[in-house]
Amino acid sequence: MGETWSQLFPPSPHFTEKEIPSLVGKVFIVTGGNAGVGLELVKILYSRGGTVYMAGRSATKIATEIEAIKAAAETETPEGQLKSLIVDLSDLSTIPGCVSTFLAQESRLDVLFNNAGLSRQPSGSVTTQGHEMHMGTNCLGPYLLTKLLLPILIQTAKSSPKNSIRIVFTSSGIIDILGPPGGISFAELEPGKHSDDMNRNYSASKAGNWFLASEFDKRFSKDGIVSVVQSPGTLKTKGWDGTPWVVRLLMTPLFYPPKMGAYTGLWAGLSPDVKSGDGQKFIIPWGRWHKTPKEEIVESLKTKEEGGTGLAADFWDYCELHTKEFGL
Ligand SMILES: NC(=O)c1ccc[n+]([C@@H]2O[C@H](COP(=O)([O-])OP(=O)(O)OC[C@H]3O[C@@H](n4cnc5c(N)ncnc54)[C@H](OP(=O)(O)O)[C@@H]3O)[C@@H](O)[C@H]2O)c1
């Protein structure tokens, strides 16, 4: 309970735009960079000179935000660059094209922020390929995107300081309180068997985000890649739009501005305190480790040989199976 309370009312952020070094020459992708937490993260990275790709499904929304950021930054003349990358994470067929477009422009990628996400989608919602909407958009899409970007991440790591090349997945504090046993129920991922409970589906996808961070960490830390998961906090964004108004009203005292959530991501992506092998830990607002993560999910991260349930490794296989036809 203490940790839940502390996630709802976190101590002041300690790793902000003031603490990070110049990002000139570094390249970032922020999925969902056109709104909410992602947009705030984009602004911070750009303000410190980073080249930032805002990946999203609407070229118009991204162009509008790029214009607004540049207009607001006119007097600061940052050396950074803002670029648009079009991808719909709920349609796996759009992901290889997005990656090719990126690779045609860049020869390095420092941090991939898998921030984009959907929540509280109506019962029965499915992706273009027919997967449960939360799981498809929040896990299968980011898995494929990350997998296709791995070669450039690994290449960048070869000539970069240790622990600086990272993949950041975005989870939620909801996994502490709701969701299937162990985090995910494979039975509920079967077509026609999806749960009618949108919070349960959302929570399962957010447990999946931690599974992916853990598995990418286990499999690719030898290649110099840091892969971690973070829960940005309770932020006032349009992500809450699907929630009944009365719940939103009750939540009002708990909401923080989305920029605070960006500080959690910033710590995950840039703090020297985050290292290879940290994929089994869980980052909470506004940039610190969860001291008492849910035991049954921690068990899922461990293989059967390690005394766990092996659910995360099984989830990797599930993601691989359902995305393998969408290569470059
Ligand atoms: N806000 C919170 O309290 C909270 C709490 C815990 C975790 N989170 C997580 O934080 C992340 C950011 O959420 P947010 O609160 O900033 O929500 P948001 O304001 O709704 O932003 C979500 C972003 O994801 C993008 N997105 C959604 N579906 C997409 C798709 N199919 N393809 C590509 N991009 C897509 C959205 O694009 P469009 O603008 O086109 O919709 C938007 O840019 C999410 O992963 C969310 O689960 C948020």
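Helices (H or I, at least four residues) and strands (E, at least two) are DSSP runs, numbered from the N terminus. The model is predicted: local features need pLDDT of at least 70, side-chain atom pairs count only at pLDDT 80 or more, and totals for chains, interfaces and linings use all residues. Residues are numbered from 1 along each chain as its sequence is written, and side-chain values use heavy atoms, with hydrogens and water left out.

**View 1. Helix α8, residues 258-270.**
α8 has 13 residues. From first C-alpha to last, α8 reaches 18 Å, close to the 18 Å expected at 1.5 Å a residue. The expected span is 1.5 Å times one less than the number of residues. α8 is mostly covered, with 12 of its 13 residues buried. Buried means under 20% relative accessible area, exposed over 50%, partly exposed in between (1.4 Å probe, protein chains only). Among the buried residues of α8 are Pro-258, Met-260, Tyr-263, Trp-267 and Leu-270.

**View 2**

**View 3. Strands β1 and β3 as partners of β2.**
Two strands pair if DSSP finds at least two bridges between them. β1 (residues 27-31) runs parallel to β2, joined by 5 bridges. Val-27 has Thr-51 in β2 as its bridge partner. From β1 the chain crosses through helix α2 (residues 36-47) to β2, and this β-α-β crossover is right-handed. Right-handed here means that, with the strands pointing away from the viewer, the path from the first strand over the helix to the second runs clockwise. β3 (residues 81-86) also runs parallel to β2, joined by 6 bridges. Leu-85 in β3 stands opposite Ala-55.

**View 4. Packing of helices α5 (residues 133-158) and α6 (residues 198-220).**
The two helices pack at an angle of about 15 degrees, their axes 8 Å apart. That makes α5 roughly parallel to α6. Axes are lines fitted to C-alpha atoms, for helices over the stretch in contact, and angles run from 0 to 180 degrees between N-to-C directions. Angles under 35 degrees count as roughly parallel, over 145 as roughly antiparallel, 65 to 115 as roughly perpendicular and the rest as oblique.

**View 5. Ser-221 in the loop between α6 and β6 (226-230).**
Ser-221 is partly exposed, with a relative accessible area of 25%. Thr-234 lies 13 residues from Ser-221 along the chain, and their C-alpha atoms are separated by 30 Å.
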